[in-house]
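Subject: The structure you asked to look at

Hi there,

Here is the structure I promised to pass on, with the sequence alongside. Have a look first, and then read on for what I found in it.

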Amino acid sequence: MANRFFTVCCSIQLFLPLLLIIVTSSVAKIAPKCRDTDMNCAVWVASNSSDCENVELVNSHCQRMCQLCGEPIDPKYDVKLLPEKLKSIAWMVGRWRSEFGGKAFFPTIPKFTYGEQVDITIADHSENGRPLLNYTAFAWDINMPDGDPTEIHSENGYIAVDFDKEQEIEYVSLNTAMSNGFMTIEEGESGPNQVKFRLQRIGRISFSHDSAVRIMFREWTLLDESRLEARLLMTTTVTRRLMEHTAIIYKKIYP
Ligand SMILES: *[C@@H]1O[C@H](CO)[C@@H](O)[C@H](O)[C@H]1NC(C)=O
Ligand SMILES: *[C@@H]1O[C@H](CO)[C@@H](O)[C@H](O)[C@H]1NC(C)=O
C-alpha cells in the first residue's frame, strides 16, 4: 500500500514539471507571431480595410497588414492608405531585402552574386492626380566583408497604374533613373501578384560602361506572403539573344 502511494505521489511530482514544460512549450508554439499568413493580404486590405474587422478570412490571415498586432505601420507602407488606383499592386509595397545572394550575368564581366534592398512606398505626391509608388533599389557586392557594403548599383523611380477601360486591362509603369547612367521607361500588364514590365524607352549617357540594351523584361512575382522574386532578362548589343541578366529573391523586412 505504502509502496503504491509512493509511486502515485512521486510520479505526480515528476509528471507535473514535465506537464508544465509541455504546456508552456506548446503555448510558445501557438503564440501567434505578428505576420500575415496569406499572400493576398495586401490587396485585400488595400481594397477594403473594413474587411479587417468584418471578414473572418482577412481578420485571421492578415493580422500584420490589418495592424491587429505589432507596432503601428509607417504610413508610407500602410496599404490601408493606398490610393484606390494602386490597390492592385498593393503587394509590392514594403521593404524587401535579399536573404541570399542574387545572381548576375553580364555579357562583359564574369558572373557574380550580389545583395539588394528594394523599398517600395506610397509616394507623398502624385503627378496630375495620378498616384504613385516610390521605388528605390540599392545593390551591393556580397563578397565584401560585413559592415562595408560597397554599392554596385542603385536605381530610383516611380510606379504608376493606368486602367484601359476599352480593353479592361490594367497597365503598370515603372520609370527609373539608374546609377549606371541609364534611364528607363518600362510598362507591363498587372496580373495577380505579378507584373512583367517590358522596356519601352531607354536613355543612356554616352560614356556609360554598360553595353547598350535592346530588349529588356523585368519580372516581379510575389512568391508567398513574405518573398518577392525579381528577374531581369535582356538582349544587348553584345549578347543578341535574350538572357537572364539578374535573378534574386527578397524577403519582406518591413512591415
Ligand atoms: C467594405 O466591406 C464592408 C464589409 O466588410 C462593406 O460593408 C462595404 O460596403 C465595403 N465597401 C466597399 C467600398 O466595397
Ligand atoms: C522615395 O523613397 C526614398 C527612400 O525611402 C526617400 O528618400 C524619398 O524621400 C522618397 N520620395 C518620395 C517623393 O516619396
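Let me start with the ligands, bearing in mind that this is a predicted model. The shell around ligand 1 is made up of one nonpolar, three polar and one charged residue. You will find them at Asn 48, Ser 50, Asp 51, Asn 54 and Val 55.

Ligand 2 has Asp 119, Thr 121, Ala 123, Asp 124, His 125, Asn 134 and Thr 136 around it. Two elements, strand 3 (112-122) and strand 4 (133-141), each give two or more residues to that shell. Sorted by class, the shell of ligand 2 holds four polar, two charged and one nonpolar residue.

There is also a database note: an unreviewed UniProt entry annotates residues 34-69 as "domain: ShKT". In the model that stretch is 47% helix and 0% strand, and its end C-alpha atoms lie 6 Å apart.

How far can you trust the coordinates? The chain has a mean pLDDT of 87, with 86% of its residues at 70 or more. Where pLDDT is low, the predicted coordinates should not be read in detail.

The largest nonpolar core counts 37 residues, and Ala 42, Val 45, Val 79, Ile 89, Ala 90, Val 93 and Leu 133 have the most contacts inside it. Several elements supply at least two residues each, among them strand 3, strand 4 and strand 5 (151-164). Helix 2 contributes the most, with five residues.

Finally, a few backbone details. Most residues other than glycine have a negative phi, and most peptide bonds are trans. Against that background, Glu 168 has a positive phi of about 55°. Glu 168 sits in the loop between strand 5 and strand 6, and it counts as exposed because it has 7 C-beta neighbours inside 10 Å. Asn 193 also has a positive phi, near 60°, and belongs to the loop between strand 7 (182-191) and strand 8. With 19 other C-beta atoms within 10 Å, Asn 193 is partly exposed. Lastly, Tyr 254 and Pro 255 are joined by a cis peptide bond, with omega about -5°; Pro 255 lies in the segment after strand 11.

Conventions. Residues numbered from 1 in each chain as written. Chains lettered and ligands numbered in written order. Predicted model: local features only at pLDDT ≥ 70, side-chain atom pairs only at ≥ 80, totals over all residues. Near = placed C-beta within 6 Å. Helix = DSSP H or I, 4+ residues; strand = E, 2+ residues; numbered from the N terminus. Nonpolar A, V, L, I, M, F, W, Y, C, P; charged D, E, K, R; others polar. UniProt positions renumbered as here; feature names shortened; annotations may be inferred. pLDDT = per-residue confidence, 0-100. Core = buried A, V, L, I, M, F, W, Y, C linked by C-beta atoms within 7 Å. Buried ≥ 20, exposed ≤ 12 C-beta atoms within 10 Å, placed from the backbone.
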